[in-house]
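Please keep the sequence and the model in view while reading.

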Amino acid sequence: MNVLLSIAVLGLLIFFHESGHFLAAVFQKIKVSGFSIGFGPALMKKEINGITYSLRSLPLGGFVSFPDEESDSLVQPNDPDLLKNRPIHQRAIVISAGVIANLLLAWIVLVGQASFVGIPNQPEPGVIIMGIQPDEPAFNSGLVAGDRIMRVNGQELGSGKEGIMNLVNIIQKSSGEELLFERVNEGESETVSIIPIENEGNGRIGAQLQPNLPNEVSKAKNIGEILNSSNSQFYELLSRTVIGYKSLITNFSSTAQQLSGPVKIVEIGAQLSEQGGSGLVLFSALVSINLAVLNSLPLPLLDGGQLVLLILESIRGKPVPEKIQLAFMQSGFVLLVGLSVVLIIRDTTQLSLVQQFVHRQ
């Protein structure tokens, strides 16, 4: 059930992203020919008022199609209601609307949780292990997702961001040295020995960390408290996501293994949903913000790549030649599909069920 919930959340977030593009076009009276969730062959398809709505077999995203992108379209090339014939600022609104929709949705989700469920209490002592990378020191030591690290070498870590920073600093300064982690899981405490490996002058253990947030929440006293809490959570999630993508670009060799494909994302969603509604809300907001930041990157097929072409058009005073646009998009398609396949295979082989099956052979 938790896996189905996380899949449903992913589908809903993709739907909102594509709805942003769709509504931005419709409200500006720009002609739209299709609205699809997923890629590949259509599982369901229905045409309403000249727009074909479809649900497709590969749930890795979605798209909104326009008549000027279709070679067999019956519309006139000089039709003023075609996307390509609209002013640059109107096209920019359509391209940016998906990112804006995801950011807005994440903020609304956090505000809704604060309003109807409550405001999360302050973090408790310790740091939670969110995920473990295979064949890294944390994995080899026996640490698992869900472990709560209270002390290292007898030193209290503290709580919240301070606890995470203290743990990160200890690990980075201890390359090749034994560290004794005191972990707590399901009420049982034990000490685990870990020796961080060296990575560009710093130690690392291959674990994803998060604050030890309590399940309990407090009722908000007024609208100001709701907005302050929601804005703070939204800014923290957004800033951490941006920093994560920045690290991926500036230090790809050490952060590439932290990339997660759809299989891993669903698994993380299932783990968070086990914590109840608050975990599912956190998952929804986090993935929605990730979708927004990812689509903002200036890469082919992403919204950021489309905006780059639009900026070049505004500078040149005319569209980028179609051959260059086509090469740009085709290279992006190969890159993104290839990366998706690699991540799906990697994440699937890391699932506990698959690992158990492999070890039985």
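A polar contact is a pair of N or O atoms within 3.5 Å; within protein, one atom must be able to donate a hydrogen and the other to accept it, and residues adjacent in sequence count only if both atoms are side-chain atoms. The model is predicted, so local features need pLDDT of at least 70 and side-chain atom pairs count only at pLDDT 80 or more, while totals for chains, interfaces and linings use all residues. Residues are numbered from 1 along each chain as its sequence is written, and side-chain values use heavy atoms, with hydrogens and water left out.

Arginine 86 is buried, because its relative accessible area is 12%, and buried means under 20%, exposed over 50% and partly exposed in between (1.4 Å probe, protein chains only). Its side chain reaches the backbone oxygen of proline 80 at 2.9 Å and forms a polar contact of 2.9 Å with the side chain of aspartate 81. Beyond its neighbours within four places in sequence, arginine 86 is in contact (heavy atoms within 4.5 Å) with residues including Gln28, Lys29, Ile30 and Arg91.

Arg91 leads on to helix H2, where it is among the residues that meet helix H9. The axes of H2 (residues 88–117) and H9 (residues 303–316) come within 9 Å and cross at roughly 165 degrees. These axes are lines fitted to C-alpha atoms, for helices over the stretch in contact, and angles run from 0 to 180 degrees between N-to-C directions. H2 and H9 are therefore roughly antiparallel to each other, a term for angles over 145 degrees. Ile88, Ala92, Ile95 and Val99 are among the H2 residues in this contact, and Leu307 and Leu310 are among those of H9.

Arginine 183 counts as buried because its relative accessibility is 12%. A polar atom of its side chain lies 2.9 Å from the backbone oxygen of glycine 142, and its side chain also makes a polar contact of 2.8 Å with that of aspartate 147.

Glutamate 198, in strand S9 (residues 197–199), is exposed, with a relative accessible area of 51%. Glutamate 198 and lysine 173 are 25 residues apart in sequence and 9.6 Å apart in space, C-alpha to C-alpha.

Conventions: Helices (H or I, at least four residues) and strands (E, at least two) are DSSP runs, numbered from the N terminus. Angles under 35 degrees count as roughly parallel, over 145 as roughly antiparallel, 65 to 115 as roughly perpendicular and the rest as oblique.
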